[in-house]
Amino acid sequence: MLPIDLTGKRAFVAGVADDNGYGWAIAKALHQAGATVCVGTWPPVFGLFTKSLERNKFADNIEYPGGKLSFEKIYPLDAVYDVAEDVPPEVRNDKRYIELANYTIQECAAQLVKDFGEKPLDILVHSLANGPEVKNPLLETSRKGYLAAVSASAYSMVALVQRFGPLMRPNSAAVSLTYLASERTIPGYGGGMSSAKAALESDTHTLAFEAGRKWDMRVNCISAGPLPSRAAKAIGTIEKMVSYYKLNSARTEVMKADEIGTLAAFLCSPLATSVTGALIHADHGFHSMAMPVDVPL
Ligand code: NAD
């Protein structure tokens, strides 16, 4: 047997707020492989997520063969703010933020050090994205909306690696999640989100080099197939995309979140020490097709 063994490792998964998304599935796989898991949850949904956990709302999706996902700690994290001074007063005083503290990236890193010591982490997962104008075609996207998408969905990874890098133990790994719209046109994936994903992918190889040399950290990016997560449902076309992929991919099963979970666990494990700076398509081969098969010839 060649197991994925993450015993003794600690992961931080940024972007978990329910049990429907890729972040949850990745957290579950990392935990199943033996890692302890902390998560970073966006302040506007922090209360809902922690209460739902307390009330056992995720009972249907929390178990895995031989165990059950649990979080060592849940941190509030808003990945568009690097340091406390970046948070504007209207956000700081917003009712969803006012009772929370230390939710910028730097403060979150400092909390991890306070809780677990100088070098608390082995695995960093970026599973978050936000594009306020995602429903707008690129041609109708404002500068503000475009830059907000890039800030929340791409620079957030740079900032996380920058500020969590010093916390990583040797031989650590980071993974982010992207989508094919960076490489090909996906109508409906607008608001600068396609551009943000292209930036995220490009930054993967540069971060792999820089963070690799600086902290002995590997950095990879998974280009995942469609999943009806909360974020994806906000785009409005996800069910159509799931059906389209099912008809037109090399494999005709519907993508499962757990498939991305196990892939991320592999990439963060000692089995994948040769892989860094890579973009890995995990979409049942959809990306490799050049002609739809649901159209009669
Ligand atoms: P999701 O809703 O489970 O995850 C997105 C998370 O981002 C949410 O928990 C949300 O609260 C968080 N978030 C938004 N803005 C944030 C901020 N400023 N700071 C911190 N957290 C913030 O949805 P998902 O689809 O699983 O998305 C996870 C990742 O997977 C994203 O990068 C997404 O683009 C990518 N992805 C998704 C699909 C898909 O079809 N669902 C396909 C390919 C890639």
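Student: Where is Val-242 found?
Tutor: Helices and strands are DSSP runs, numbered from the N terminus (helix: H or I, at least four residues; strand: E, at least two). Val-242 sits in helix H8, which covers residues 238-248. Keep in mind that this is a predicted model, where local features need pLDDT of at least 70, side-chain atom pairs count only at pLDDT 80 or more, and totals for chains, interfaces and linings use all residues. Residues are numbered from 1 along each chain as its sequence is written, and side-chain values use heavy atoms, leaving out hydrogens and water.

Student: Is Val-242 buried or exposed?
Tutor: Look at relative accessible area, with a 1.4 Å probe and protein chains only: under 20% is buried, over 50% is exposed, and in between is partly exposed. Val-242 has 12%, so Val-242 is buried.

Student: What separates the C-alpha atoms of Val-242 and Ile-4?
Tutor: A distance of 29 Å. Along the chain, Val-242 and Ile-4 are 238 residues apart.

Student: How many cavities of 30 Å³ or more does a search of the whole structure find?
Tutor: On a 1 Å grid over the protein atoms alone, a cavity is a set of points where a 1.4 Å probe fits but cannot get out, while a pocket is an open set with protein on both sides within 12 Å along at least five of seven lines. The search finds 1 cavity. Volume is the space filled by probe spheres set on the points, which are joined across faces, edges and corners. The largest cavity has about 60 Å³.

Student: Which residues line the largest cavity?
Tutor: Lining residues have an atom within 4 Å of a point. Among them here are Val-242, Tyr-245, Arg-251, Glu-253 and His-284.

Student: How does that lining divide by class?
Tutor: Ala, Val, Leu, Ile, Met, Phe, Trp, Tyr, Cys and Pro are nonpolar; Asp, Glu, Lys and Arg are charged; the others, Gly among them, are polar. The lining of the largest cavity has 5 nonpolar, 2 polar and 4 charged residues.

Student: What is the volume of the second largest pocket?
Tutor: About 400 Å³. Its lining has 17 residues, with Thr-185, Ile-186, Tyr-244, Tyr-245 and Phe-286 nearest the centre. By class, the lining of the second largest pocket holds 12 nonpolar, 3 polar and 2 charged residues.

Student: How many salt bridges does the structure hold?
Tutor: Side chains of opposite charge can pair when their charged atoms come close. In a salt bridge, a side-chain nitrogen of Lys or Arg lies within 4 Å of a carboxyl oxygen of Asp or Glu. This structure has 7.

Student: Which residue forms a salt bridge with Asp-115?
Tutor: Lys-73, with the closest N and O atoms 2.9 Å apart. Asp-115 is in helix H4 (residues 105-116) and Lys-73 in strand S5 (residues 73-76), so the pair ties together parts 42 residues apart in sequence. Asp-115 is partly exposed at 32%, and Lys-73 is partly exposed at 31%.

Student: Which residue forms a salt bridge with Asp-122?
Tutor: Arg-169, its closest N and O atoms being 2.5 Å apart. The pair links distant parts of the chain, 47 residues apart: Asp-122 in strand S6 (residues 121-126) and Arg-169 in strand S7 (residues 168-178). Asp-122 is buried at 6%, whereas Arg-169 is partly exposed at 24%.

Student: Which residue forms a salt bridge with Arg-251?
Tutor: Glu-259, with 3.7 Å between the closest N and O atoms. Arg-251 is partly exposed at 39%; Glu-259 is partly exposed at 28%. Salt bridges with shared partners join Arg-251, Glu-253 and Glu-259 into one network.
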